[in-house]
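Here is my note on the structure you asked me to look over, written as numbered points so that you can follow each one with the model open beside you.

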Amino acid sequence: MKKYLIITAFLVSLVGCSEDFLDKEPLDVISSKSVFEDESLTEAYLYKLYDYLPSGYGDTGYGKEYLLSSIVDESRTKSGWIASNTTIVPGFISPTNNPIGIWGKSYEGIRRANNIVNSLETSSLDNNFKTRISAEARYLRAWLYFDLTRRYGDVPLITVVQNLDDDLLVSQTSRADIYAFIDTELESITENLPLKSDIPSNEYGRINRETAWALSSRANLYARNYPKAAASAKKVMNSPSGFTLNNNIDELFQSDRGDSEVIFEVLYAKPFKGHDFDRYNLPPSLRSDWGSQTNPVQELVDDYEMAATGLPITDPASGYDPTQPFVGRDKRFYATIVYNGATLKGKEIDIVYPDGEDALLKSGLHTITGYYIKKYIDESLPFGPAFGDSKISWKEFRLGEILLNYAEAQNEASGPDATVYEALNEVRMRAGLPNLPAGLSKSEMTERIRQERRVELAFENHRYFDLIRWGIAEQVLHDKYFHGMKITRDGSGGLIYDPTFEVNNRPKQIFLPKHNLFPIPQGEIEKNSNLEQNPGY
Amino acid sequence: MKKQYFKWMFSLALLCCSFTMQSQEITIAGKVTSASDGEPLPGVNVINLGTKNGSTTGFEGDYSIKAKKGDVLEFSYIGMKTVAISVNEKTIINVLLQEDASELDEVIVVGYGKQRKIDITGSVSSISSKEITRAPAANLANSLAGKLTGVISTQRSGQPGFDSPSFLIRGASSFGDNSPLILVDGIVRSFSRVNPNEIANVTILKDAASTAVYGARAANGVILITTKRGSSNQSSFEYTSTYSWQTPTIRPEFMNSGEYSEYINIARLNDGDNPKYTPEEVQAFKNGTAPNTDWWDETVNGKGITEQHNLSVNGGNEKTKYFLSFGYLNQEGLLKTSNFNTYSVRSNIDNKISDRVTLSVDLAGRKESRLQSALGPAEVFKHIDQSLPTVPATFPEIGEGALGWNGLNGSPVVDSDYSGKDTRVYNIFQSNFKLKYDFEKIDGLSATGMFSYDHTSRENKKFILPYTYYSQDRVTGVISAHESRPKIELDESRNKTIQKTLRFSLNYDKAWGDHNISALALYEQTEGEYDYISAYRDGFISPSIDQIFAGGLDNLKNGGSASINARKGYVGRVNYNYAGKYLLQANARYDASFNFHKDKRWGVFPAFSAGWVISKEDFLTNVDFIDNLKLRASWGQVGNDRVPQFQFLSGFKFNGGYVIGNGYQKGIFDNKPPNVLITWETATSTNIGFDFSLFNGQLTGEFDYFTKRTKDILRPNTAATPSTFGSSLPDENFAVVDNHGIELVLGHRKSVGDFSYNLNLNGTFVTSEVIDMREPEDVEDRIRKTGRPFSQRYGLIAEGLFQSQSEIDNWADQDGNSNKSIQPGDIRYRDINDDGVVDGFDVTHIGKSETPELIYGFNAGASYKGFDLNLMFQGASRFQRYVFVDPFALESNSEKILKDSWSPENTDAAYPRLSIGQTNNNAKGSTFWLKDASYLRLKNIELAYTLPEIESITDLGINKLRFYLSGSNLLTFSKIKNRDPEGPSGRVTFYPQTKSLLVGVNVQF
């Protein structure tokens, strides 16, 4: 009998039998008390919040696989199944289907930003540390509200960490008040952020003071608060960090960090953070599959002026030769667009219809406009990059935009004064263009500024919002097919250029007045009776 | 099984006869005859249960045995009901044995014990090894559909090693984990890969009365698998071998190049685009002068052969009994790189250490290897679906084995055969150690201690290789080479799971006259741990070494995770029955789960049940044709604690990050807000049923009606929380779902001379209704989930296709742009709120879910001399599948059925007008694509022949030799013609279900 008692005791000892047997601790959770009392953990929490910053490459916020460019007059995307073609271009955005909606995700980021700001108030960490982290979190929160309000208009403004038993049915705050909130926030944090030039290399990529000014200039421009927009832009232009336009535009868009023109950029570092831009956008001859998703349209190509004269190609005096359409253009054209005969990754690209290796419509994998995109293509990558192989940074704020923000704001606020010319000519000079003619009226200057923004900032996700805030989106986009370049050979081997090739194998663009705002998601309207749907949805 | 039992009894009886008898005994004598025909029965075992002495009847059915007053004599004979008679003054006892037609004495494995079927008051169904090994599937879980009531199983894929069905007991009732609790030999283990030859029986516990002993994990029903144990005194060997061929049940039909070129031209014209092919090209495809590739034939050319071998030994002596088994299974898939194989070994040993102590040790090991191509069959079948028939699959002019590009996105042949390998190897070790002690002083009381240790490890390795394939320019004829991918990659991971279970129990079993009592008290605890580690590299300079160290250093990645769990519980159960007539059972489990806060951790799960065997009442004992009639009723509560772990704690987890400075900085984020009140879901179920057996077992049946209310269902309160809250939500206990259902089994069996047959019909019908899910009060009825079936679908109501422009102009605005994008041949949707616009406000509840509400089986068997034939039809009904067909997406190929698309010439078409991919309008979720998925299939048929016991065989030492031929899924009847009715919703991009032919042999020696 004893024998068995011993065995039993042995069995019990194998497993243990006490109550705390059930008190298991999770093996992958950090206790909630420790985070905001620990600098490294607080920074890790902040870095997760940084991850909510969008990149136009499509890995955050903007939906995948296309730039916002393919839903405006910059480009079309070839694949029929991509949301641009299935939903956005044909005007099917609805409260239940909005592939470029950012509602839920933005509020996730806002909650985290609120958490940092609130928690640091009572934290016993070093004050300098807290001040800077808190300022960064407030910057990110301001960005998220900016992105929300420019898309949705009036949105709920939440600045506390809500509990589940709070009143969660928050009403909308007007767009004007959201912009005011952003302005106040940016105003009060700038002094707490270091200048870009003061940020050590191991902190590179964190928000600097000029970024707050840059966002202030952009947000105030959107808010039509022009004097403030100009003032903020001026602060960036005069910053002791000394931003300068890079005369080599290719170099600017090949850089993965630290270009002299860049104020703020989203960085990549393989293998944990890489993007797919090259995989999605290389011409067929330079990749194994996918690719060619961003096909610039003729309308954009036509808007690049002739370098020598600074005149649009429609001007007979411009020097434009329709039989050699790609000769003598604005430098930015060559840095932005892959055209027939362009060299990409050391290879001359042949888009001649129908036999060229990368010819228009040659297969479902080829361009539908006769162009491919050059901006952001990483020439240093080997053939056929995989997903996540791309590393070129996303330049959210650069001096080029700030100069144009300044010119537009200053022109709106006080007309085309010398500083407006100065800013605009600085941008033009870098593009190899002559200065603007003197004596332009305010509205002529407005047109010049819009033209300059179009070509300077192409594919940088500005055009969609610019068209809307200028009130011309319907006029530019609605009921339109855009065009491409069909190049064929004549009998003697010479090339025939047909820039009237209509890109009608993809839906005609529908842009109705309601599309100036996104619909608020249907589920949110159903859950929160205090929300009001935007008109037209 | 039964036969062996009697063999053993018989030899035990002979052994006992040789002992000297004690003096007070008297000699009892008598004659045993058959009740049905009055013939004497020779060879009947007669045992004095008091002394364990035994005897057998002679040629004339006569016997004699020594016994004293008060002893009980037991008479048993194969095929007859065992009879026990108390010895009184009489010295002559004549016995009539009834035929044991209804298997009423069948013993069923129940939770923590066994019970005679006739005494069961809950709702259980059970099948034995014989039925499991009939037409055996490689995956045991697929063998149960149609054989047991209460089981709702649907096989979604036929891929070797990845063919586990969705498996529900009495339907789904929770928003979370609906899977049943599965125990193999009393321990929570997976069962789908257990070697069927090792299994003695499978029991499904369905109502709360049967499952309450498993407390907080039993709400979705319990499956008990019991493995075989040694039962004979002499070693008997059994060898089984099967060999089978698989082919798809349905081969999807794609357009050939002639059809493709013709119809894609139509689609492009419909989209306002130019035709893709000139009339001359179309003609060339049609008359065969241009390529016509059948990519399915090029790719789906694996062997599809399954081989199974099993050797087992069953034997022992008085002290020790053993069951040993070794099994091997190798299943080749329909694709070349698709294989599943497993080796399994089991040793179940029972050793009587002393009169009162038994030690049992069960050790089982299994190695399972799964192989698929690195890109996986989903990708392969997707690419077959898309590949253009207009391009050649090979380029012999380039060289032998030069493969063609599919015209779109690679080559399915490369994906299947040359993309590298994805292997998953499971090593499973399972052990049970059990010590049972029968108390000396208290008769009928025993104590058992058990410890179990299981260790499962998994090794995944995915080695992805580039491959060169070729394409030919349509115009110039130039052939160019493409790499399928830029680099060699290796993705490897390991994980291990350890589970320990400790259990002590006291069993009491005693009868006083007509009062029978049994009781159980039990303590059980389990704990488990899991960890996982992964590593990745790419940039291998050569495919020759598929090891991590051989990879490049640019893209090193590694990761891991870990978790633990613990549970404990106390179980009590009391059974009482009076004269086998009135049956009562009460049981409860006091259970705790680590998954909840200390204060919310413990719970009591009680259950009560009762049975009334009416046929034993005096007023029915004289009714000859009724063998058994029993009413059963039960009520009980069980729980479900299987929700994401530790939701009662707040905290932070590592997640994501951002590039700062020179590298990627890890980020952390907050968990969902904690819910300290979180606790298990509770299911309260009531079951009423009756069993009957008539005409000596010729007609049997069971009927059950059940209701189940699952409340406190864990669910995040997303229906009422706006996303401006900014966080995912913790599960809360609030939803309530009701299930109702009936189950019916009818059986008939008869023998006439050498011929006997049996028929069995079973069906399960379950419906569900959401009672509460905290929907806001003002949610419109059309999208309201409350009051609707559990997995209700929502979408637009399609009203056929537009036939003319005027119909479109007069219809509600469907595209938000005055129907400008709509054309004749597009789907027309109902404007249910009559506001002139078809939008989100016209979405309503449509159709049925993917889970069948009715599932049924029909089994028929017949035997004549050495032959037996069994067949089983299995069907399911009252469910729907979303059969969306996409024409020419990305200009890919299409299914042939799309030839029946709308055109001005074909206005009565089954599908909308062709376009490159379904248009936005036609792709909207609607009733258009919902199809009734009801099916009936000949799940299996088996013809077997057992050789008679002729000398030439027995001389070889062979006791039994059986050959059989069987088939699975040979016939399928369904309204869905272009794919298997059990497949998943969506496109045909899944590994198809298979039908098979099998030959097998079974030898016992």
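This is a predicted model: local features need pLDDT of at least 70, side-chain atom pairs count only at pLDDT 80 or more; totals for chains, interfaces and linings use all residues.

1. How much area do chain A and chain B bury between them? The two chains bury about 7700 Å², and 62% of this area lies on carbon and sulfur atoms. Within the share that chain A buries against chain B, Leu22(A), Lys24(A) and Leu164(A) supply 9%, which is more than any other three residues supply. Counted by residues, the contact takes 92 from chain A and 85 from chain B.

2. The interface of chain A and chain B also holds charged and polar pairings, with six salt bridges found across it and 17 residue pairs in polar contact. One salt bridge is formed by the side chains of Asp23(A) and Arg601(B), with 2.8 Å from N to O. Among the elements of chain A that give two or more residues to the side touching chain B are helix H1 (2-15), helix H4 (103-122) and strand S3 (262-266). Sorted by class, that side of chain A has 45 nonpolar, 23 polar and 24 charged residues.

3. Over all chains, the structure holds 67 aromatic pairs. Why is the pair of Tyr570(B) and Trp602(B) called stacked? The ring centres are 6.2 Å apart and the planes meet at 25 degrees, so the pair counts as stacked, because planes under 30 degrees apart fall into that class. Tyr570(B) belongs to strand S29 (residues 557-578) and Trp602(B) to strand S31 (residues 602-613), so the pair ties together parts of chain B that are 32 residues apart in sequence.

4. Further along chain B, strand S43 (residues 854-864) and strand S44 (residues 867-877) run antiparallel and are joined by 11 bridges, with Tyr864(B) paired to Phe867(B). These strands form a hairpin with two residues between them, and Lys865(B) in that hairpin takes a positive phi near 50 degrees. S44(B) is also joined to strand S47 (residues 935-946) by 10 bridges, again antiparallel, and here the bridge partner of Gln874(B) is Arg937(B).

5. Chain B also has an open sheet of three strands in the order S22-S25-S26, with mixed pairing. Which strands stand at its edges? They are strand S22 (403-404) and strand S26 (479-483), each with a single partner strand, so one side of each is left without a neighbour in the sheet. Strand S25 (residues 468-472) pairs with S26(B) over five bridges in the antiparallel sense, and Ser471(B) has Ser480(B) as its bridge partner.

6. Lastly, some backbone details of chain A deserve a look in the viewer. A cis peptide bond, with omega about 0 degrees, joins Lys270(A) to Pro271(A), and Pro271(A) lies in the loop between S3 and helix H10 (277-281). Another cis peptide bond joins Tyr353(A) to Pro354(A), where Pro354(A) lies in the loop between strand S7 (347-348) and strand S8 (372-373). Tyr376(A), a residue other than glycine, has a positive phi near 80 degrees and lies in the loop between S8 and strand S9 (394-398).

Note on methods:
Residues are numbered from 1 along each chain as its sequence is written. Chains are lettered from A and ligands numbered from 1 in the order in which they are written. Side-chain values use heavy atoms; hydrogens and water are left out. Contact means heavy atoms within 4.5 Å. Buried area is the accessible area (1.4 Å probe) that two parts lose on being put together, summed over both. A salt bridge is a side-chain nitrogen of Lys or Arg within 4 Å of a carboxyl oxygen of Asp or Glu. A polar contact is a pair of N or O atoms within 3.5 Å; within protein, one must be able to donate a hydrogen and the other to accept it, and residues adjacent in sequence count only if both atoms are side-chain atoms. Helices (H or I, at least four residues) and strands (E, at least two) are DSSP runs, numbered from the N terminus. Ala, Val, Leu, Ile, Met, Phe, Trp, Tyr, Cys and Pro count as nonpolar, Asp, Glu, Lys and Arg as charged, and the others, Gly among them, as polar. Rings of Phe, Tyr and Trp (its six-membered ring) pair if their centres lie within 6.5 Å; planes under 30 degrees apart count as stacked, over 60 as edge-to-face and the rest as tilted. Two strands pair if DSSP finds at least two bridges between them.
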